[in-house]
Amino acid sequence: MAMTDRGPGHFGAGIDVKPHAYDPLHQPELFEGVLARRILAFMIDVVIIFLPVALAAIFIFFFGIITLGFGFALYWLLGPGATIWAVIYYAVTLGSPASATLGMRVMDIQLRTWYGAPCYSVLGAVHAVLFWISVSALTPFVLLVGLFNDRRRLLHDIVLGTVAVNNPARAAALAGSRRF
């Protein structure tokens, strides 16, 4: 197969590189306030993830009392269970048609690929895992990356090729208010 230049956006043997779908200079309404609302959305999501884990811990406690201490052995399942629950939560919610977790929906933001496609389940799960790894390894200061780029992308967004933007309704409202 010959490698030829087929024009802009095409490289080599049929590799098609898509352009960025979201331009902060021409579409500032997509990025306005996203970083702050994304932090609030994360806090909402943490509460949603924590509640079933807390209920499971309470259940194990009472089960341990009823079984005269044998049920307390189930506490070792709480950590892996919480991790699995969090990954499933992010995979299902980010992979939904809204491309947003429940917290992101409350804050009117969504996660998209850099070329504009909606998020999908595997990307949502990997996004969550990479976020937790980056914050654990590099401290929460890794979030400062979002302050130094036009699209307000965080480190894990850059690595995965995703971007958080205002949902269409909020972006339209912001664009409409800017015209007057």
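Mentor: Contact means that heavy atoms lie within 4.5 Å. The model you see is predicted, and its local features need pLDDT of at least 70 while side-chain atom pairs count only at pLDDT 80 or more, though totals for chains, interfaces and linings use all residues. Residues are numbered from 1 along each chain as its sequence is written, and side-chain values use heavy atoms, with hydrogens and water left out.

Trainee: What percentage of the residues count as buried?

Mentor: A residue is buried under 20% relative accessible area, exposed over 50%, and partly exposed in between, with a 1.4 Å probe and protein chains only. Of the 180 residues of the chain, the buried share is 35%.

Trainee: How many Å apart are the end C-alpha atoms of α1?

Mentor: Helix α1 runs over residues 34–66, which makes 33 residues. The expected span is 1.5 Å times one less than the number of residues. For α1 this comes to 48 Å, and the model agrees because the end C-alpha atoms are separated by 48 Å.

Trainee: At which residue of α1 does a kink lie?

Mentor: The bend at a residue is the angle between axes fitted to the seven residues ending there and the seven starting there. In α1 this gives a kink of about 25°, shortly before the proline Pro-52, at Phe-50.

Trainee: Which residue just after α1 takes a positive phi?

Mentor: The buried residues of α1 include Val-34, Leu-35, Asp-45 and Gly-64. Just after this helix comes a residue with a phi of about 55°, and that residue is Leu-68.

Trainee: Which elements cover the buried residues of α2?

Mentor: α2 (78–94) has 17 residues and reaches 24 Å from its first C-alpha to its last, close to the 24 Å expected. Its buried residues are Ala-86, Tyr-89, Tyr-90, Ala-91, Thr-93 and Leu-94. What covers them includes α1, α3, β3 (109–113) and α4.

Trainee: Is Ser-99 buried or exposed?

Mentor: Ser-99 lies in the loop between α2 and α3 (102–106). Phi of Ser-99 is positive, about 50°, although the residue is not a glycine. With a relative accessible area of 0%, Ser-99 is buried.

Trainee: What is the relative accessible area of Arg-152?

Mentor: Arg-152 lies in the loop between α4 and α5 (155–160). Its phi is near 55°, a positive value in a residue other than glycine. Arg-152 is partly exposed, and its relative accessible area is 30%.

Trainee: What distance separates the C-alpha atoms of Ser-99 and Tyr-120?

Mentor: Tyr-120 is in the loop between β3 and α4 and is partly exposed, with a relative accessible area of 46%. The C-alpha atoms of Tyr-120 and Val-92, 28 residues apart along the chain, are separated by 8.5 Å. Ser-99 and Tyr-120 are 21 residues apart along the chain, and their C-alpha separation is 7.4 Å.

Trainee: Which residues is Ser-134 in contact with, leaving aside neighbours within four places in sequence?

Mentor: Ser-134 is found in helix α4. Ser-134 is buried, with a relative accessible area of 8%. Beyond neighbours within four places in sequence, its contacts are Thr-139, Val-142 and His-156.

Key:
Helix = DSSP H or I, 4+ residues; strand = E, 2+ residues; numbered from the N terminus.
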